[in-house]
Structures are given as C-alpha cells and as structure tokens.
Protein chains: 2
Amino acid sequence: MNVFVIGIGLIGGSLAKDIKRNRPDSKIYGIDVNEGHLDEALSLSLIDEKADYSQLHLADFVIVGIPVDVMVQELPKILDSIDDDAVVIDAGSTKSLICKVVENHPKRRNFLACHPIAGTEFSGPSAAIEGLFMGKTNIICEIEKTAFKLQEKALELFQQLGMRIRYMNPEAHDKHIAYVSHLSHISSFMLGKTVIEKERNERDIFDMAGSGFESTVRLAKSSPAMWTPIFRQNKENVVETLGEYIQNLKEFEAMLIADDYEGIYNEMNSTNKIKEILNGIPLNKK
Amino acid sequence: MNVFVIGIGLIGGSLAKDIKRNRPDSKIYGIDVNEGHLDEALSLSLIDEKADYSQLHLADFVIVGIPVDVMVQELPKILDSIDDDAVVIDAGSTKSLICKVVENHPKRRNFLACHPIAGTEFSGPSAAIEGLFMGKTNIICEIEKTAFKLQEKALELFQQLGMRIRYMNPEAHDKHIAYVSHLSHISSFMLGKTVIEKERNERDIFDMAGSGFESTVRLAKSSPAMWTPIFRQNKENVVETLGEYIQNLKEFEAMLIADDYEGIYNEMNSTNKIKEILNGIPLNKK
C-alpha cells in the first residue's frame, strides 16, 4: 500500500507513524515544501522516501496535513494528479471552504473531508506522536460525496487508528469548532499577550506563575502560520464567538466593579458543571 | 512536634502529607468547620486527630489553608490561642488584607504570611497530593515582621518540602498574582460559560472538544467559595488586569473584522515567546 503524506508535521507525521505500525507493509512517501522537515521526517523514519506530485499516481492513500490556506490551493492539484482508486483525506481545521473548492472537481468522489480532533501545541515532524488518534473524534463532512468503496477504505484505516467517527455538514462543523477550539486559541494568545506586556515593566512576574497559568496559555505556543488562515476562513463564526466571550468577560468585570459577589459566585458555580462535561473528553496532551 | 492544620483541603492536606513524610514523629491535628472533611482526612491518614481552637496552645506549627474571607476573620483568633513559640503560616492567595488584619496583633511576630504557588483545580481532603510543593515557589511577605527564630523554623520546613522561597511585599504580590493566576481563572470561567451557553441550543458540541479546550477551561472547575473572596480582596488589581485582557481581545476582534491577517499573524507570533517563558515554570498538574 502506497501512502503519500503531504505536509509531514504534527498531524501528517503522527498519521504516518500509526499507519506504519498498523500496516507494516505500507510504503510512506513524504511531500513537503520544507526540505528540512522532509530530511527530519526521513531521519525519524516517519517516511520511507521523499516524493513530489509527479509520483502521486502511485498513491492508494493521500493524507493532506497543511495550513488551510495552502490546502484550498493544493487540493484541486492533488486530485488532478491521483489515480481513480486513490482516496485523498484532508485534516484541515476548517471545512466549508475546503469542501467548496473541490465541489465540482471531476475527482470529487476521491476526496474525503476530515477533521481529526487531535493535536498538541507543537508542530513539525519532531512533534509527531504514536497513538495520537486513539479514542479521538474524527469529524467527516459530506460523506455521501465520496465514492462508497473509498469511504470503506478510509473508515477501515480510521478504525485501525482507534478513531471515533462523527458525521457533520461543513457549515455545522465550522460553527461549532469556533466555540470548542478556535476561541480557546484566541483566549490563550491574548492572555499570554496581556501578561507578557505587563512583564516588560515588571520583572520576574513569571516566577509567580503556576500550573494554572501554564494550562490557560498553553495554546499560545501554537503556530501562527497554521492559525492565521484558520481564523481567516472561519472569520464569521469566530467573530460571533469572540463577541460572546468578550461580552461575558465584560459582565463579569461589571459585577466585580459593582461589588456583586453573589453574582460572581453564582456565575462560577453554574460554570463548574464543566467538570462533568470535561470528563467525557479524551485527552491527548503529551 | 505538634502541627495543627486549619482547613484540611487541597493545600492543608498536601502540606500535612509532606510534613508527616519528612518528620514521621510529628503529630497532625486537624481543624475544619466541615465535619465530613475531618472524617475524610482521618480516614485518609492526613491527620492523626480532630481538634479545636482550645488545643492550639499545644501547637509548634499552625498551617492555615482556608478561604481568604474566613482567613481574615480567623487569623486574629488563632494568634490569640497559640503559645509564644508557635509559628502560624497561612497559605492565602491574597496577601495585603491578610497582613493588614494582623498588623497590630500582639502576636504578629508569630505569624508568617505565605503563598505557596501550588495547587490543582480540585478541592477537599481527597485532592491532597504528596510532593505538591516540590520545586514550587512559596512567596513570603513581610518576613522582617516575623520573629527570627520562627523564620528559621518555618524556612527549615519549607526546605524539607522542596519549596523555592521568594520574598515580596504584600502589595507587589497582589498586583502580580492578578496577572499570572487570578486572570487565568476568570478567562477560564468565562470561556466555559460561553461554550456552555452555546451548548444549550446546540447539542453535542462537546464531542468536538479536544485537549486544547480542556486545557483552557480546566480552571473553571475551581471552587467558587474559594475564588469569590480572592476576587473581592484583590478587586482593584483584578479589575485592572481584566480590563487589559478585554482590550487585547477587542483589538484582536477588530483586526479580524478588518481582515488584517498580517496583524493577527504578528500578534500570535510575538506571543509565541511564551514558550520560552513557560519552560521555566514548574508544573504541578495531577
């Protein structure tokens, strides 16, 4: 089985590792604009060989894990280059625009739109982790637009990797993911910014930081090259979500200014039920 | 050595565990308004015996780990009840008001104002962890107001528990801790609230949540009874900090609305240096 991984970073590299483990007979080809990443992927044995689009006709599986702005440019070209029996799987964090750009492509039936909800704040081939997808949700969009045999082929692979499958339309995906992923990243980046700005004038503030701070700003380590196009493609939903978050913070601030500590207590108390909600989330932190 | 732990929860219980391990000859007395917590602490062997204020004259060490509103009421009474050789150590997350209420107490020299920066989002005796304070920063305020012999006694204990000591005045503590701890809690609670509100209308949104979301809302599991009085006592600093955070979020929102993706990229890129900063933080997540 020939697997082409386009974008050999955290997601592409982790998928490559798991595929190799589950199907030792498979040959993994790596394609990446970053030659250094390809060399690193080779030395880490994530891939067996460097490749380019001219070899894509050999592929059984093509996995695309690249920033979503590059994704919408490259996907049509990738589909142009594959054989009729190949399935192209993306791992983009947005789904509407990605599905739209291939909507009328003659090889649309060879494409499966996916978003595996897994990852860490790190990036590049060295961030690849074995078993990253075990127990994690993989959201599949527009399953009906993919050829049935290729659906089966992809689902069999996802099952081997331990993924839980959830079907959703691209618009619902983008709306909901703004709340449970994109907003967390903005909240984290701006928290990091607020404290770094303070640190400029007040030295050694970070000596005082504990694990709580670390946890809330962890996502501020994420890659700007990956996240800028995500916010751009999902602008409408992110703006709505962010507006609601800012409004909630302003209401909290107003209660504090008004010395309404009963109100503050009640807010926190009713939000405490996040405990039960979080108990259902499979974690994948390194 | 007789150690009285007043408030046998996460912090008091973890201190009791470490003291018992380091000084097996010590006898740990527990005092708590919650009778259930005392029974639990006994059955978990966190304490050797239940006690009350009438026995405090037996104490060599008194450790007070109670909500900061109760702290300012109880500390003078505790100091009233101890012997001349005892040292009372608090573990409150605010320091100004606590130092102020005992400022003119006849036993001020028996008190050491502390804030060990350690904890988790859990509470109660069952949340107590062995080794919680290893490598963690313990902020000591107004060290010069504590009797020298009692300073030595306390510092020897902190050293055995593996704490790093940092000296600071109460006002500087409260100002800086607002940034690296109190703000993280508000950010987390309001993020949880925003998503829970959405969930009311949109079922199953949490199936889509990954570890990034979990990390940013972890602190929203924290105890409202503990955190409401912290925000109250540190109101001025928290309001300032929260205002700066909201301003940064609004600027991010404005850039998004204006399609200024270069600006968004630059914001995230310059905040990425939080990576290096976080590398210096000792973690204590369970």
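The structure is a predicted model, in which local features need pLDDT of at least 70 and side-chain atom pairs count only at pLDDT 80 or more, while totals for chains, interfaces and linings use all residues. Residues are numbered from 1 along each chain as its sequence is written, chains are lettered from A and ligands numbered from 1 in the order in which they are written, and side-chain values use heavy atoms, with hydrogens and water left out. Between chain B and chain A about 9000 Å² of area is buried, and the structure holds 36 salt bridges over all chains, but a search of the whole structure finds 0 disulfides.

**The interface of chain B and chain A**

- In chain B, 92 residues are in contact with 92 residues of chain A, where contact means heavy atoms within 4.5 Å.
- Carbon and sulfur atoms give 69% of the buried area of about 9000 Å², a quantity defined as the accessible area (1.4 Å probe) that two parts lose on being put together, summed over both.
- The rule finds 8 salt bridges across this interface, a salt bridge being a side-chain nitrogen of Lys or Arg within 4 Å of a carboxyl oxygen of Asp or Glu.
- Asp259(B) and Lys235(A) are joined by their side chains in a salt bridge, at 3.0 Å from N to O.
- Several elements of chain B each supply at least two residues of the side that touches chain A, among them β7 (137-141), β8 (164-168), α6 (170-201) and α9 (235-257); such helices (H or I, at least four residues) and strands (E, at least two) are DSSP runs, numbered from the N terminus.
- With 22 residues, α6(B) gives the most to the side of chain B that touches chain A.
- That side of chain B divides into 43 nonpolar, 24 polar and 25 charged residues, where Ala, Val, Leu, Ile, Met, Phe, Trp, Tyr, Cys and Pro count as nonpolar, Asp, Glu, Lys and Arg as charged, and the others, Gly among them, as polar.
- Glu267(B) is found in helix α10 (residues 261-271) of chain B, and, leaving aside its neighbours within four places in sequence, Glu267(B) is in contact with Met190(A), Lys193(A) and Met255(B).
- Glu267(B) has a relative accessible area of 13% and is therefore buried, since buried means under 20% relative accessible area, exposed over 50%, and partly exposed in between (1.4 Å probe, protein chains only).

- Side chains of opposite charge can pair when their charged atoms come close.
- Lys20(B) forms a salt bridge with Asp48(B), with the closest N and O atoms 2.8 Å apart; Lys20(B) lies in helix α1 (residues 10-22) and Asp48(B) in the loop between α2 (35-43) and β3 (49-50) of chain B, so that the pair, 28 residues apart, links distant parts of the chain.
- Lys20(B) is partly exposed at 26% relative accessibility, and Asp48(B) is partly exposed with a relative accessible area of 36%.
- Glu121(B) and Lys221(B) meet in a salt bridge at 3.4 Å from N to O, and because Glu121(B) is in the loop between β6 (111-116) and β7 while Lys221(B) is in the loop between α7 and α8, the pair ties together parts of chain B that are 100 residues apart in sequence.
- Glu121(B) counts as buried at 6% relative accessibility, and Lys221(B) is buried at 9%.
- In chain A, a network of salt bridges links Glu121(A), Glu214(A), Arg218(A) and Lys221(A).

- A disulfide is counted when a pair of cysteine sulfur atoms lies within 2.5 Å.
- The closest cysteine sulfur to that of Cys114(A) is in Cys141(A), 8.2 Å away, which is too far for a bond, and Cys114(A) is buried with a relative accessible area of 1%.
- Cys114(B) is likewise in no disulfide, the nearest cysteine sulfur being that of Cys141(B) at 8.2 Å, and Cys114(B) is buried with a relative accessible area of 1%.

**Positive phi angles**

- Most residues other than glycine have a negative phi.
- Ser45(A), although not a glycine, has a positive phi of about 60°; Ser45(A) is placed in the loop between α2 (35-43) and β3 (49-50) of chain A and counts as exposed at 54% relative accessibility.
- Glu142(B) has a positive phi near 50°, is placed in the loop between β7 and α5 (148-160) of chain B, and is buried with a relative accessible area of 15%.
- Glu142(B) also forms a salt bridge with Lys145(B), the closest N and O atoms being 3.4 Å apart, and Lys145(B) is partly exposed at 31% relative accessibility.
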